[in-house]
Amino acid sequence: MWLKSDVGRRHDIFVTGEKTQLKIPSRIDMIDRAASLANEIATRCGFDAESIFGIELAVREAVSNAVVHGNREDESKIVEVAFTDAVNALTITVRDFGAGFDPESVPDPTREENLLKPSGRGMFFMRTFMDEVIWQHHPEGGTIVRMTKRRS
């Protein structure tokens, strides 16, 4: 967020420690809602346009994976998305309530045999646009992806 001072100079003001949570049903049409909120929060946090694009795309992919692969589009299961703004970074967690998976078992989309496959790029995009991406199994079931984008 930008604030003009009395003398007309621009100052960076970041709200720190803010946490925003979103719970959505496991429906494809809800992915845009999460991506839109990611854009809004990243903008409010002062990220540049390139970073905002990457954050929004990473959230879109993580939520898509949670809806389609994690919860198998079961509308009785939700996807939880949390955005935490800290002093030096924005951390985003996406949790599904599915059976979980092994991230290492997902084929590398940059390998020649996978280049023409229509899926399998979401994790690659998350890793490309975010500074840190970690997948964890939740003790009560499901998968959590934790993505962090540091401020430059």
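Reader: In this model, how should I class the exposure of Arg-27?

Author: This is a predicted model, and the class is read from the relative accessible area, where under 20% means buried and over 50% means exposed. Arg-27 has a relative accessibility of 28%, and therefore counts as partly exposed.

Reader: Which side chain does Arg-27 meet in a salt bridge?

Author: As a general idea, side chains of opposite charge can pair when their charged atoms come close. Here the partner of Arg-27 is Asp-29, and the N to O distance between the two side chains is 2.9 Å.

Reader: How many salt bridges does a search of the whole structure find?

Author: The search of the whole structure gives eight salt bridges. Some of the residues involved are joined in a network, as is the case for Glu-18, Glu-40 and Arg-44.

Reader: Where do Arg-151 and Asp-85, which form a salt bridge, lie in the structure?

Author: The closest N and O atoms of Arg-151 and Asp-85 are 2.5 Å apart. Asp-85 belongs to strand 4 (residues 78-85), whereas Arg-151 is found in the segment after strand 7 (143-150), so this pair ties together parts that are 66 residues apart in sequence.

Reader: Are Arg-151 and Asp-85 buried or exposed?

Author: The cut-off for buried is under 20% relative accessible area. Arg-151, with a value of 17%, is therefore buried, and Asp-85, with a value of 4%, is buried as well.

Reader: At roughly what angle do the axes of helix 1 and helix 2 cross?

Author: The axes of helix 1 (residues 31-44) and helix 2 (residues 49-70) cross at roughly 150°, and they come within 8 Å of each other. Angles over 145 degrees count as roughly antiparallel, and helix 1 and helix 2 are therefore roughly antiparallel to each other. Their crossing is right-handed.

Reader: Which residues of helix 1 and helix 2 meet?

Author: On the side of helix 1 they include Ile-31, Ala-35, Ala-38 and Ala-42, while on the side of helix 2 they include Ile-52, Ile-55, Val-59 and Val-63, together with Glu-56 and Arg-60. By class, this contact of helix 1 with helix 2 has ten nonpolar, three polar and three charged residues.

Technical notes
Residues are numbered from 1 along each chain as its sequence is written. This is a predicted model: local features need pLDDT of at least 70, side-chain atom pairs count only at pLDDT 80 or more; totals for chains, interfaces and linings use all residues. Side-chain values use heavy atoms; hydrogens and water are left out. Axes are lines fitted to C-alpha atoms, for helices over the stretch in contact, and angles run from 0 to 180 degrees between N-to-C directions. Helices (H or I, at least four residues) and strands (E, at least two) are DSSP runs, numbered from the N terminus. Angles under 35 degrees count as roughly parallel, over 145 as roughly antiparallel, 65 to 115 as roughly perpendicular and the rest as oblique. A crossing is left-handed if the near helix is turned anticlockwise from the far one by less than a right angle, and right-handed if clockwise. Contact means heavy atoms within 4.5 Å. Ala, Val, Leu, Ile, Met, Phe, Trp, Tyr, Cys and Pro count as nonpolar, Asp, Glu, Lys and Arg as charged, and the others, Gly among them, as polar. A salt bridge is a side-chain nitrogen of Lys or Arg within 4 Å of a carboxyl oxygen of Asp or Glu. Buried means under 20% relative accessible area, exposed over 50%, partly exposed in between (1.4 Å probe, protein chains only).
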